[in-house]
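Hi everyone, thanks for coming. Let me put the structure up, and then we can walk through a few parts of it together.

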Amino acid sequence: MPTLAIEANGLVKSFGENRAVDGVDLAVRAGTVYGVLGPNGAGKTTTVRMLTTLLRPDGGSARVLGRDVVDDADEVRRFIGLTGQYASVDEDLTGTENLVLQSRLVGLSRTRSKQRAAELLESFDLTEAANRPVKHFSGGMRRRIDLAASIVVTPDVLFLDEPTTGLDPRSRGQVWDIVRDLVAGGTTVLLTTQYLDEADQLADRIAVIDRGTVIAEGTSADLKASVGRNSLHLRLADDTQRDLAERLVAQMLDTTPHRTTEAAVITAPVADPDAVADLMIRLRAEGVGIDEIGVQRPSLDEVFLTLTGHAADDTPHDTERSAA
Amino acid sequence: MSTTTLERPVRTVATRVERPEPPSALSASLTLGWRSVLKIRRIPEQLFDVTFQPVIFILMFVYLFGGAISGDTTQYLQFVLPGILVQTVVMASLYTGISLNTDIGKGIFDRFRSLPIWRPAALVGALLADSIRYVVAAVVCLAVGMAMGFRPDGGVLDVVAACLLVLVFAFSLSWVFAFLGLTMRSAGAVQGVSMLAMFPLTFASNVFVDPSTMPGWLRAWVDVNPVSHLVTAVRGLMSGSPQAGDIGWALIGCAVLVAVFAPLTVRAYRRKS
């Protein structure tokens with residue numbers, strides 16, 4: 001197996017005037033989870049559709065497991081699985097029927113298909129819904145059946161287009177567990193997401209994409225480091241000491257602390273982590289009790305804001321639905 | 001962040017299931033046809049246009065217009081039943097385009113297109129399953145007609161041959177609607193345009209009346225309309241005096257439709273983005 005499971009060079013796709021994808025480069029190592037992070041309309045879905053042979057690129061090239069997505073499209077399809085808003089299951093059919101259909105279409109025998117459908121329903125906690133039409137499924141169940149349909153045979157590369165958008169935290173956690181489990185089994189996963197914490201939790205490497213181009217790439221730690229500025233997070237034992245504590249923080253760290261919604265919590269940017277040690281000694285000397293103290297690296301939200309100049313959910317452009 | 005685990009551990013997911021050889025073109029088409037049949041079972045309302053609609057048409061035309069047109073409802077029934085059978089089946093082929101368009105809108109086609117299967121399998125599967133609708137339409141028309149007094153003078157074999165001819169025609173015509181289904185923006189648009197094409201095809205023909213009273217320009221169209229040839233061929237077969245000429249013209253019409261629209265449809269399907 002080549003070390004790179006997915007490689008894209010200068011992928012371009014336009015819809016009329018709109019260059020939805022404008023020169024995307026990606027390199028995804030086999031056996032890893034790669035996160036493509038960006039707001040609605042950034043070009044994530046269009047990129048995935050090109051990588052999965054559903055859409056022909058206008059420019060550039062891409063290879064999945066060493067096979068060209070245009071010239072060897074049939075070969076590529078033998079190794080991939082796809083789950084996304086636009087690659088779903090049949091709402092009128094039941095969970096079992098959908099999985100049997102999918103199993104038959106990848107070439108499993110009739111008997112094996114029924115067996116595999118039952119196995120997947122069982123392990124995705126969908127057995128009770130096996131004979132219900134999918135349109136009556138809840139959001140979380142729906143996403144699990146979508147996922148199950150794309151892994152009736154184990155894909156070498158699995159593409160997940162916004163696998164948890166609109167899910168409640170518990171269902172999100174379930175999808176994350178399934179993804180981790182697949183990766184443990186050797187599958188390479190490329191997932192797109194609008195959620196920074198999802199990329200942070202799952203992805204080994206992350207590409208931040210905005211307006212059709214990759215604007216940053218690296219591990220989540222790399223991306224956070226590129227923004228710099230750690231921050232102090234201090235929780236006081238007694239919030240009546242807040243004014244004193246704020247004054248000490250300002251003095252010792254030579255900065256202005258932020259007020260937070262919690263009276264006992266003070267945060268402040270930290271230029272030199274050593275100064276925090278001095279601050280702690282000073283707080284002790286002044287008799288200020290501490291419940292919790294930590295120096296944190298910036299969150300991916302802050303990274304996104306710094307890189308793009310706008311927040312992740314601040315989306316002035318068209319949605320990808322209308323672009324596609 | 002929450003890292004809730006499933007109540008039951010995810011075991012079989014990680015069990016590696018090796019990918020077998022992709023299914024043959026025939027197997028993939030039949031599997032996708034099976035999907036459409038399951039959908040008919042799940043939503044039987046979609047059979048309305050091949051069950052209730054022909055009943056209403058037969059009753060309406062025979063009892064409402066029959067006397068005025070032929071002077072006698074029994075005689076008119078004998079004339080109009082093969083026509084209504086053709087009209088019903090031809091109209092049912094329109095549904096192919098609408099259901100394809102709906103499928104694409106819902107994204108299930110993307111899933112199929114990302115699989116290593118023979119590309120036109122989804123189309124062929126849908127068209128095969130639609131043949132079931134055509135058979136239902138033909139059976140309903142014949143049953144209602146015979147209950148009302150329609151008597152085909154041709155034998156059972158001639159009647160079966162007539163129905164087969166109609167089926168082949170509808171299958172050929174459904175490529176046109178499949179093409180529209182793939183190229184138009186919405187299911188509503190497909191329905192609108194298809195109906196527009198359907199009226200001159202079915203009404204401007206010899207389905208309901210003898211064209212000899214029509215003005216010359218209209219008769220010119222009726223004479224080349226493939227539906228007219230099909231109706232004449234079906235009437236011939238059912239009355240026990242098959243006309244080789246009309247059967248031939250109907251089959252040529254089928255061949256032309258498939259030759260033109262099957263490649264166009266497959267091409268549109270491949271390019272669909």
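Let's start with chain B: an unreviewed UniProt entry annotates "transmembrane region" at residues 47-70, 76-100, 121-147, 159-182, 189-209 and 247-266. Those positions are in the numbering used here, and such annotations may be inferred rather than shown by experiment. Residues 76-100 of chain B are 96% helix and 0% strand, with end C-alpha atoms 37 Å apart; residues 189-209 are 67% helix and 0% strand, with ends 30 Å apart. Helices (H or I, at least four residues) and strands (E, at least two) are DSSP runs, numbered from the N terminus.

A word on conventions: this is a predicted model, where local features need pLDDT of at least 70, side-chain atom pairs count only at pLDDT 80 or more, and totals for chains, interfaces and linings use all residues. Residues are numbered from 1 along each chain as its sequence is written, chains are lettered from A and ligands numbered from 1 in the order written, and side-chain values use heavy atoms, without hydrogens or water.

Over to chain A, where six strands form an open, mixed sheet in the order E6-E7-E8-E3-E9-E10. Strands E6 (80-83) and E10 (213-218) of chain A are at the edges with a single partner each, so one side of each has no neighbour in the sheet. Pairing here takes at least two DSSP bridges between two strands. E6(A) runs parallel to strand E7 (residues 157-161) of chain A, joined by four bridges, and A:Ile80 has A:Val157 as its bridge partner in E7(A).

Finally, is A:Thr32 buried or exposed? A:Thr32 counts as buried because its relative accessibility is 17%; the cut-offs are under 20% for buried, over 50% for exposed and partly exposed in between, with a 1.4 Å probe and protein chains only.
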